[in-house]
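I opened my notebook to look at how two chains meet. Then I turned to a sheet in another chain.

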Protein chains: 4
Amino acid sequence: VAGALGAVGSLVAELLWKHPGVELAAITARDTGDGDSPIGKFLYEIYPEHRVPVRLQTLEALDLSEFKAAVVAYPTGAAASLARKLRHAGLTVVDSCGDFRFADVETYEDWYGQPHEAPELLEEAVYGLPEFNRDALKGAGLIGNPGCYPTASVLALAPLAREGLIADVVIDAKSGVSGAGKRGGAAPPFIGTDENMRPYGVPRHRHEPEIADQLSSLGYQGLLSFVPHLIPLDQGELVSCYVRPVREIGEADLHALYEEAYAEESFVELAPGLPTVRDVQRTNICRIYPMRDPAGTRISVFATIDNLWKGGASQAVQNLNLALRLPEGEGVSDSVAMPVSSDRISPLDRPPVSA
Amino acid sequence: VAGALGAVGSLVAELLWKHPGVELAAITARDTGDGDSPIGKFLYEIYPEHRVPVRLQTLEALDLSEFKAAVVAYPTGAAASLARKLRHAGLTVVDSCGDFRFADVETYEDWYGQPHEAPELLEEAVYGLPEFNRDALKGAGLIGNPGCYPTASVLALAPLAREGLIADVVIDAKSGVSGAGKRGGAAPPFIGTDENMRPYGVPRHRHEPEIADQLSSLGYQGLLSFVPHLIPLDQGELVSCYVRPVREIGEADLHALYEEAYAEESFVELAPGLPTVRDVQRTNICRIYPMRDPAGTRISVFATIDNLWKGGASQAVQNLNLALRLPEGEGVSDSVAMPVSSDRISPLDRPPVSA
Amino acid sequence: VAGALGAVGSLVAELLWKHPGVELAAITARDTGDGDSPIGKFLYEIYPEHRVPVRLQTLEALDLSEFKAAVVAYPTGAAASLARKLRHAGLTVVDSCGDFRFADVETYEDWYGQPHEAPELLEEAVYGLPEFNRDALKGAGLIGNPGCYPTASVLALAPLAREGLIADVVIDAKSGVSGAGKRGGAAPPFIGTDENMRPYGVPRHRHEPEIADQLSSLGYQGLLSFVPHLIPLDQGELVSCYVRPVREIGEADLHALYEEAYAEESFVELAPGLPTVRDVQRTNICRIYPMRDPAGTRISVFATIDNLWKGGASQAVQNLNLALRLPEGEGVSDSVAMPVSSDRISPLDRPPVSA
Amino acid sequence: VAGALGAVGSLVAELLWKHPGVELAAITARDTGDGDSPIGKFLYEIYPEHRVPVRLQTLEALDLSEFKAAVVAYPTGAAASLARKLRHAGLTVVDSCGDFRFADVETYEDWYGQPHEAPELLEEAVYGLPEFNRDALKGAGLIGNPGCYPTASVLALAPLAREGLIADVVIDAKSGVSGAGKRGGAAPPFIGTDENMRPYGVPRHRHEPEIADQLSSLGYQGLLSFVPHLIPLDQGELVSCYVRPVREIGEADLHALYEEAYAEESFVELAPGLPTVRDVQRTNICRIYPMRDPAGTRISVFATIDNLWKGGASQAVQNLNLALRLPEGEGVSDSVAMPVSSDRISPLDRPPVSA
């Protein structure tokens, strides 16, 4: 794991440490050069909750020929040149940032506002959403792990997009605070975040073209409005997608469409009623509930994930498994999707607020 | 104040206790008949944070001829017959629940699923949104205080509705937990609400026809999708409104439209950037930010209020002032709307989460 | 698992479902007899986050002769007569409530204010703190699983108690909200718990005699003041123990005393600095930091656990393993205690608040 | 207000803006010299929730001869030399940091680890706890506003200290996060603070000698152990004080002692049962509950304040009023202490957690 001190990197390190089919050979960080430098420390000394008894090293100290694969958890922009170096050394690479999520270098440079450092690798890179790219991911050399919002949004909308049912769509996304990273000045402070909520990052949040790109490859090229909001909780993400349908679809057909789409998936779960983020925290599962307005003029699809797991670290491990041709779910999460057991609405679904 | 133990009722009692132009002559509650009965206790003994040194009585113990006005904070359905009694005794009535928010008894009975107990009063009742009904509210005998979501939603969308700019609209609403009331089995528990979020109450939340009704009177009768969400904070509400516009409107024109609409209002504030609920907690202010997508194909309007204040108690006091022809803002809140000081985006607006 | 709908019972069910050496043969609940009855449902239908695909049954529907062991997660008072029935049927029983934590029936009846339903079982019952009772727990037929506060408090104070170092002790305990259970009217509401904190349950909290009992068996019979506080977080517990020492002890000797006491323990961890509850959430680990005032006149010992895990469900599984002579840590938690790696203070220990 | 961007400074500015007897003539901040500099902006542009329509200036831009008084809200160490300058210009000064809380320069330099910049002012400075220093504060030229923990701790313990009842005392203090300030790198991040708690700042927290100093002047010079903890809420502070009494005192005498001590105080309130921080949030009130263990061997005193109000800004305004010989409670808070109305325990006092 390169960059093991970030929120995603440290969780990848923990998952791989416990992974029965992978040996976590090295974790790296930047040497700050002073007395607080993490180099030489065990990861558990810095994050006791991860309890990984492996020492942090600098990347430069490693002999890359000894490694088979790497998960890169660098900030967007910094990962591309490292990925080139690792690929040249023959390693399989899963990149968790935004550097390998676009087939098209122009989209990247337009939305990220910086040149791409390794554009020649874009052709090789596979977008790491296993539910739609599984075959291409098997044995892949370079994988761009999806953003958290695109993961939930694309899983929520894909069945409708493939059917050509979307006339236009609004995605109102709500995320816990851990998306902002674990360290450094950028982390949202407690005061001003607790007991508060807000939209942020619009217009032009970087996940918007990523969602548009994936929906486009599934058949929808129309109007897409994406607005994320910051919610005062640690981890968990809810996307509420509002679709104006091209044609009417009945409630039963709508549910059948989703059941068919995800019947074979271990990490996508249809909910019997409105989902909550608590349902999926600390799992690799995306939980989805499609709903039709009584008048049939709007389809709402709600999806919840854990932004650090399925929206980050555990999906990276899922992709690594595919790339290394290991069992896809191994070491990813100890929870798998449950079937919808009945057609009645769950007791959890009764509205807790009636005002 | 009739029903002073609820979240809204107890706050109305506190506001009226401090109101320089009103004497809080009595507060009532139900006698539980056992050792825990609140009757005879000071309100501050039950809610120390309100510190109102007035004793709770039963409504039956009161001589109504001694009172000039009442704020009724009963559950929806229970208020109508009390309102009749109070009107017959000659009192001015502000009702905080849903019983007097619809001109039309059929809409009420359809959405609330119960017969209306005092339909003859509906004609007299005035909908208590001062920004649009000020003249009718002055001297009114019976006022239906708006729901929290309709307050924020209608203030957010009215300028567009009046211009005939809305082709269709999605309202994704997010509320703190206090909407569910302060007492009794219905209050959401800490476990399962904290570190969680969820959509709720759909399809057919009772605030939807109320919003539709008001937008209709402002000129918009089209498709409206309303979905509320429960967010883990005490009080505060954010509505994110997504409008597909009938025709294009420029950024400057959009802002001018809102500035003109609310220039004279003391309790509506245009934000220089994306608003947060912290901006308005414990005030009677609604803070609004309209925004146009770069492509001009979507207008997003964000509005924040405190659901217990502008969405409940302080707006009830504002309406009571109008009905009694007192200064409108007296005793309502010690904060009033600030002007937008410049066209630059505030530092608070920088996105705190970049993932 | 008898009583699988409570906070501890449902977590025990999840842990046993994943336990490699145990077959989770049945989980029970009370039949409410109406449409909301949980009987016949999968546990995951009620608590999606547990994802246990086992159906709830009534206890009466079970043929007890088919079972080898049971974890009883009933409310205190209700467990004793069930335990008798299960013991008569030959099952090994781990009881998670307060019914089998006292050797002495008088202490129980005095502090719990009710007669004990199965006093003849008290002699057989073993107190389930493996760090001190391991030998007696191996093969035991009936185990009283400790309370959450006693678990942390006794682990924190035992090394001092055994050395005869305690002149008197104050235990200021702070717990997340999950201690109050997952269901029913007793669960603390969000409003009034969030953004709040309070002492509660004093004087005479039921965990006080349990702590006194255990410390007494370790050699300390003096003055003990125990005050719990309710803190606005889901799960996690911190006990801050303030000891007036009988004689002075140096900093190095103090640490050596604790290192020696717990060197061989898999689930007790010495912290390099002040611990936090985040360090141990969702683990079976107790993390301890002893500290001496500069003047040597006070020893403070801080200990953190997860009240639902080491303070409840995972310790119950640890005890079940011992009773069934399975490997002690199997299925208990995927984290084990890390060694203190160095004598320097961790970066996490820098005070975040300086006011 | 000098230093109006901090948590205390901005709240002092808001309180003085609304103060009927004071004109808020200027608020200052540091010029960062770049595009984000606050200089020239209204305070409400930076903190919308304060809504103070006064522009920030640099201190250097002010003509000090135009001012009568100043509240200094600088970091400890930086305030002393400014105070000298202001005193030389003839202003009355209330200093909110630690620079003028000690009569003794050695204690300051020992605990704060830096030389005092204006030691000649220490003799003039009055410690700003009005309940015990009211006479000296009237007309004072320089006031050291107390720390938040000392405010609550001294109010909690003074009645016992004056009676000579304390043999030794442990103060376990718990604070919301706002103590750490509103801006800058030192503010605790959301992740790692939410869903967590921890002791911090020990041994040798700077508030310890301040508490010892004040208790000493009230008659107690013995052993004092002070340990603060960081709790995940915005604002509010609870001190739990555990006293080993010199001699036994009955429950009724204990309560009488406290009632007598604070009967005339507007901002100290005896609680009918265990207090919570919610009882006092956004007020200048300290709420206290003394309690005797059944055996009489320990007295526990619980006190709650709002760390930003009575523990900071509103107490500074109270002190300013005294210094300027204005009515003491004017502009301080719109809540005053309520009497204990009866001897029965309030319903709020029932333990919400029974585990």
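I looked up the area buried between chain C and chain D first: about 5000 Å², with carbon and sulfur atoms giving 65%. Buried area is the accessible area (1.4 Å probe) that two parts lose on being put together, summed over both. The model is predicted, so local features need pLDDT of at least 70 and side-chain atom pairs pLDDT 80 or more, while totals for chains, interfaces and linings use all residues. Residues are numbered from 1 along each chain as its sequence is written, chains are lettered from A and ligands numbered from 1 in the order written, and side-chain values use heavy atoms, without hydrogens and water.

Next I checked who takes part. Chain C brings 59 residues to the contact and chain D brings 59 (contact means heavy atoms within 4.5 Å).

How many salt bridges are there between chain C and chain D? I found six. A salt bridge is a side-chain nitrogen of Lys or Arg within 4 Å of a carboxyl oxygen of Asp or Glu. One of them joins Asp172(D) to Lys174(C), with the closest N and O atoms 3.0 Å apart.

I then moved to chain B. Four strands form an open, parallel sheet there, in the order β3-β4-β6-β5. Strands are DSSP runs of E, at least two residues, numbered from the N terminus. Two strands pair if DSSP finds at least two bridges between them. The edge strands are β3 (69–72) and β5 (126–127) of chain B, each pairing on one side only. β5(B) pairs with β6(B), residues 142–144, over two bridges. Tyr127(B) stands opposite Gly144(B) in β6(B).
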